[in-house]
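Take a moment with the sequence and the model below.

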Amino acid sequence: MTDRIELGLKDANAGCACCAVPSNTEASAPAAASSSSSEEVLVAGMTCSHCVSSVSEELAAVDGVESVDVDLNAGGTSRVTIHSAAPVDPAAVRAAVEEAGYTLATSQA
(Lines give C-alpha, C1' and ligand atoms only; values in the text may rest on other atoms or scores of the structure.)
Protein backbone atom coordinates (compact mmCIF):
# COMPACT_ATOMS: atom_id res chain seq x y z
CA MET A 1 0.00 0.00 0.00
CA THR A 2 1.27 3.46 -0.86
CA ASP A 3 1.24 6.19 1.80
CA ARG A 4 -0.24 9.45 0.62
CA ILE A 5 1.09 12.84 1.62
CA GLU A 6 -1.66 15.26 2.58
CA LEU A 7 -1.03 18.74 1.12
CA GLY A 8 -3.91 20.46 2.93
CA LEU A 9 -5.50 22.05 -0.16
CA LYS A 10 -8.85 20.22 -0.18
CA ASP A 11 -11.21 23.20 -0.13
CA ALA A 12 -12.49 23.72 -3.68
CA ASN A 13 -13.33 27.35 -2.83
CA ALA A 14 -9.74 28.10 -1.74
CA GLY A 15 -8.47 28.44 -5.30
CA CYS A 16 -5.67 30.88 -5.78
CA ALA A 17 -5.75 33.96 -7.97
CA CYS A 18 -3.19 32.56 -10.40
CA CYS A 19 -5.43 29.59 -11.19
CA ALA A 20 -8.62 31.62 -11.45
CA VAL A 21 -7.33 34.46 -13.62
CA PRO A 22 -4.92 34.30 -16.56
CA SER A 23 -1.58 35.56 -15.30
CA ASN A 24 0.64 38.11 -16.97
CA THR A 25 3.81 36.26 -18.03
CA GLU A 26 5.89 39.40 -18.42
CA ALA A 27 9.34 38.62 -16.97
CA SER A 28 11.98 40.94 -15.65
CA ALA A 29 15.63 40.35 -14.75
CA PRO A 30 16.64 41.55 -11.29
CA ALA A 31 19.48 44.08 -11.04
CA ALA A 32 22.97 42.75 -10.30
CA ALA A 33 23.85 45.21 -7.53
CA SER A 34 23.92 44.03 -3.95
CA SER A 35 21.02 44.90 -1.64
CA SER A 36 21.29 47.62 0.93
CA SER A 37 17.62 47.89 1.85
CA SER A 38 14.90 45.33 2.47
CA GLU A 39 11.21 45.70 3.15
CA GLU A 40 8.66 43.11 4.22
CA VAL A 41 5.03 43.11 3.14
CA LEU A 42 2.27 40.62 3.85
CA VAL A 43 0.33 39.27 0.88
CA ALA A 44 -3.00 37.45 1.19
CA GLY A 45 -4.27 34.63 -0.99
CA MET A 46 -1.20 32.88 -2.40
CA THR A 47 -1.49 29.08 -2.31
CA CYS A 48 1.15 27.63 -4.64
CA SER A 49 4.50 28.14 -6.35
CA HIS A 50 2.78 29.70 -9.37
CA CYS A 51 1.31 32.35 -7.06
CA VAL A 52 4.80 33.02 -5.69
CA SER A 53 6.15 33.31 -9.23
CA SER A 54 3.41 35.74 -10.30
CA VAL A 55 3.97 38.06 -7.32
CA SER A 56 7.78 37.81 -7.60
CA GLU A 57 7.75 38.70 -11.31
CA GLU A 58 5.48 41.71 -10.82
CA LEU A 59 7.54 43.01 -7.89
CA ALA A 60 10.84 42.43 -9.72
CA ALA A 61 9.56 44.77 -12.45
CA VAL A 62 9.21 47.67 -9.97
CA ASP A 63 11.98 50.29 -10.34
CA GLY A 64 14.76 49.72 -7.81
CA VAL A 65 13.83 46.16 -6.82
CA GLU A 66 16.85 43.86 -6.97
CA SER A 67 15.32 40.62 -5.69
CA VAL A 68 12.22 39.21 -4.01
CA ASP A 69 11.93 36.39 -1.46
CA VAL A 70 8.59 34.82 -0.54
CA ASP A 71 7.81 32.78 2.57
CA LEU A 72 4.64 31.04 1.33
CA ASN A 73 1.87 30.34 3.83
CA ALA A 74 -0.53 28.48 1.54
CA GLY A 75 -4.04 29.88 1.82
CA GLY A 76 -3.02 32.38 4.50
CA THR A 77 -0.84 35.46 4.66
CA SER A 78 2.59 35.09 3.07
CA ARG A 79 5.62 37.20 3.99
CA VAL A 80 7.30 38.83 0.99
CA THR A 81 10.75 40.43 1.40
CA ILE A 82 11.74 43.01 -1.21
CA HIS A 83 15.47 43.74 -1.54
CA SER A 84 16.54 47.02 -3.12
CA ALA A 85 19.33 49.60 -3.11
CA ALA A 86 16.93 52.24 -1.78
CA PRO A 87 13.40 52.19 -0.31
CA VAL A 88 10.75 51.25 -2.89
CA ASP A 89 7.60 53.31 -3.42
CA PRO A 90 4.80 51.67 -1.36
CA ALA A 91 2.22 52.57 -4.03
CA ALA A 92 4.30 50.75 -6.65
CA VAL A 93 4.54 47.68 -4.39
CA ARG A 94 0.77 47.66 -3.83
CA ALA A 95 0.11 48.09 -7.57
CA ALA A 96 2.47 45.22 -8.45
CA VAL A 97 0.86 42.86 -5.92
CA GLU A 98 -2.61 43.80 -7.18
CA GLU A 99 -1.51 43.34 -10.82
CA ALA A 100 -0.50 39.78 -9.88
CA GLY A 101 -4.03 39.23 -8.53
CA TYR A 102 -3.47 39.50 -4.77
CA THR A 103 -3.82 42.06 -1.98
CA LEU A 104 -1.54 43.37 0.71
CA ALA A 105 -2.76 42.06 4.07
CA THR A 106 -1.20 45.00 5.92
CA SER A 107 0.92 47.95 4.97
CA GLN A 108 4.40 48.30 6.41
CA ALA A 109 5.11 51.57 8.16
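This report looks at a salt bridge, then at a strand pairing.

The model is predicted. A search of the whole structure finds one salt bridge. Which residues form it? Glu40 pairs with Arg79, and their closest N and O atoms are 3.0 Å apart. The two partners sit in distant parts of the chain, 39 residues apart. Glu40 belongs to strand E1, whereas Arg79 belongs to strand E3.

Why can such a pair form? Side chains of opposite charge can pair when their charged atoms come close. Here the N–O distance of 3.0 Å lies within the 4 Å cut-off, so the pair counts as a salt bridge. The side chains of Glu40 and Arg79 are also joined by a polar contact of 3.0 Å.

| Residue | Relative accessible area | Class |
|---|---|---|
| Glu40 | 34% | partly exposed |
| Arg79 | 36% | partly exposed |

Glu40 lies in residues 37-44, the span of strand E1. Val80 is 40 residues from Glu40 in sequence. In space, the C-alpha atoms of Glu40 and Val80 are 5.5 Å apart.

Now turn to the strand that holds Arg79. Strand E3 covers residues 77-84. Strand E2, residues 65-71, pairs with E3 in the antiparallel sense over six bridges. E2 and E3 form a hairpin, with five residues between them. Gly75 is in the turn and has a positive phi of about 80 degrees.

Notes. Residues numbered from 1 in each chain as written. Predicted model: local features only at pLDDT ≥ 70, side-chain atom pairs only at ≥ 80, totals over all residues. Heavy atoms only, no water. Helix = DSSP H or I, 4+ residues; strand = E, 2+ residues; numbered from the N terminus. Buried < 20%, exposed > 50% of the residue type's maximum accessible area, 1.4 Å probe, protein only. Polar contact = N/O pair within 3.5 Å; in protein donor to acceptor, adjacent residues only side chain to side chain. Salt bridge = Lys/Arg side-chain N within 4 Å of Asp/Glu carboxyl O. Pairing = 2+ DSSP bridges.
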